[in-house]
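I am keeping these notes as I go through one model, a topic at a time. Each entry records what I looked up and what I found.

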Amino acid sequence: MENKNFDVIIIGGSYSGLSAAMALGRSLRNVLIIDNGKPCNRQTPHSHNFITHDGRTPKEIASLAKKDLEKYNTIRFHQDKAVKVSQHNDGFEVETEAGEVFSAKKLIVATGIKDIMPDIPGFAECWGISVLHCPYCHGYEVKNEATGILSNGDMAYEFSKLIFNMTKDLTLFTNGRANLSDEQREKLKGNKININEDEIESIEHENGHLHKMIFKNGNSVALKVLYAKIPFEQNINVENLDCEITEQGFIKVDAMQKTTTPGVFACGDNVTMMRSVANAIAQGNFAGAMVNKELSDEVF
């Protein structure tokens, strides 16, 4: 790659980053996408709730998007990991793990998030296959099955209300003493949602397809699917990228997808709890348009 100076560098080449690149490339902005090729949904067999692509694999959707972008000579790809960002008067320099240095007037951070797996044998192997984060993305395919929720407290209560619509065979696993109010307990039991407070030993599965929850007291419960709300961290630890993080752990952005660092925008799973392909694409498209507007405003 001869040219190392761009109008915009996008760190992260999944759905949000690709969508931002298209908006910018079509606006005749020279764009570089830096991506290490490790999306968070790489273990998920199928993606749903995105019209025209319902049921495709995540990799297939991304491949089709990249094929679309290849038509634009304004967009370039570089497979590597961004590790350092430096600001200067004309914009930013981004250094990669391999030692390459690229410069741009603006940055878009579309790096997603990294899920932190609980210390439960079998959980990580089932993540995205039969241990799920989103009923909108995957719930229809496991409707009316023996279903569990791994959560506790208010989040568990609210999540139970959402999953209750998908199956009547539902158990809430709190992995220890339930942190629920008396009113919440009664409401859950009134809707025939079981509450299991046993501590989990492991998940029995075959190639990521859940069979049983095994507990430390020797008990077990047969299941087909488990929904889980687990903690996460930002999937980017680029040195010197000083963007404010919200209390929930997301990169803070305004209505224009601007971060608290001037010239840096962010979009996708790293800024919102609404994790879906459709939402990531919409945010990326908007972020690209807002970056183009800011570039235009600065020189007009």
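**Entry 1: an aromatic pair**

I began with phenylalanine 123, which has a relative accessible area of 0% and is therefore buried. I note here that the model is a predicted one. Next I looked up tryptophan 127: its relative accessible area is 10%. Buried means under 20%, so tryptophan 127 is buried as well.

I then checked how the two rings sit. Phenylalanine 123 and tryptophan 127 form a stacked aromatic pair, with 5.7 Å from centre to centre and 20 degrees between the planes.

I wrote down why two figures are given: a pair of aromatic rings is described by the distance of the centres and the angle of the planes.

**Entry 2: another aromatic pair**

How are the rings of phenylalanine 159 and tyrosine 227 arranged? Their centres are 6.0 Å apart and their planes stand at 80 degrees, so I recorded the pair as edge-to-face. Phenylalanine 159 belongs to helix H5 (residues 153-163) and tyrosine 227 to strand S15 (residues 225-228), so the pair ties together parts that are 68 residues apart in sequence. Both phenylalanine 159 and tyrosine 227 are buried. In total I count four aromatic pairs in the structure.

**Entry 3: helix H1 and its cover**

I turned to helix H1, residues 15-25. How many of the residues of H1 are buried? The count is 10 of 11, and the helix is mostly covered. The buried ones include Tyr15, Leu18, Ala21 and Gly25.

I asked what covers the buried residues of H1. The cover includes strand S1 (5-11), strand S2 (31-35), helix H2 (58-69), strand S3 (75-79), strand S6 (101-109) and helix H7.

I followed up H7, residues 277-299. H1 and H7 pack at an angle of about 35 degrees, and their axes are 7 Å apart. Their crossing is right-handed. On the H1 side, the residues in contact are Tyr15, Ser16, Ser19, Ala20, Ala23 and Leu24. On the H7 side, they include Val277, Ala280, Ile281, Gly284, Gly288 and Asn292. Sorted by class, the contact has nine nonpolar residues, seven polar ones and no charged ones.

**Entry 4: strands**

I looked at a sheet of three strands next. It is open, its order is S12-S13-S14, and its pairing is antiparallel. Which strands are at the edge? They are S12 (200-206) and S14 (220-222), each of which pairs on one side only. On average, neighbouring strands of this sheet are turned by 20 degrees against each other, direction ignored.

Strand S13 (residues 209-215) pairs with S14 over three bridges. In one of these pairings, methionine 213 has valine 221 in S14 as its bridge partner.

I also looked up strand S4 (residues 82-88) and strand S5 (residues 91-96), which pair in the antiparallel sense over six bridges. S4 and S5 make a hairpin, with two residues between them. Valine 85 has valine 94 in S5 as its bridge partner.

As a reminder to myself, strands of a sheet pair through backbone hydrogen bonds, either parallel or antiparallel.

Asparagine 144 is not a glycine, yet its phi is positive, at about 65 degrees. Asparagine 144 sits in the loop between helix H4 (135-138) and strand S9 (147-150). Its relative accessible area is 60%, so asparagine 144 is exposed.

Asparagine 175 also has a positive phi, of about 55 degrees. Its place is the loop between S10 and H6. Is asparagine 175 exposed, partly exposed or buried? Its relative accessibility is 35%, so asparagine 175 counts as partly exposed.

Asparagine 179 is found in the loop between strand S10 (170-173) and helix H6 (182-190). At 58% relative accessibility, asparagine 179 counts as exposed. Leaving out residues up to four places away in sequence, asparagine 179 touches Asn152, Gly153 and Gln184. I also looked up its separation from glycine 122: the C-alpha atoms of asparagine 179 and glycine 122 are 25 Å apart, and the two residues are 57 residues apart along the chain.

Technical notes:
Residues numbered from 1 in each chain as written. Predicted model: local features only at pLDDT ≥ 70, side-chain atom pairs only at ≥ 80, totals over all residues. Heavy atoms only, no water. Axes fitted to C-alpha atoms, helices over the stretch in contact; angles between N-to-C directions. Helix = DSSP H or I, 4+ residues; strand = E, 2+ residues; numbered from the N terminus. Left-handed = near helix turned anticlockwise from the far one by under 90°. Contact = heavy atoms within 4.5 Å. Nonpolar A, V, L, I, M, F, W, Y, C, P; charged D, E, K, R; others polar. Pairing = 2+ DSSP bridges. Phe/Tyr/Trp six-rings, centres within 6.5 Å; stacked < 30°, edge-to-face > 60°. Buried < 20%, exposed > 50% of the residue type's maximum accessible area, 1.4 Å probe, protein only.
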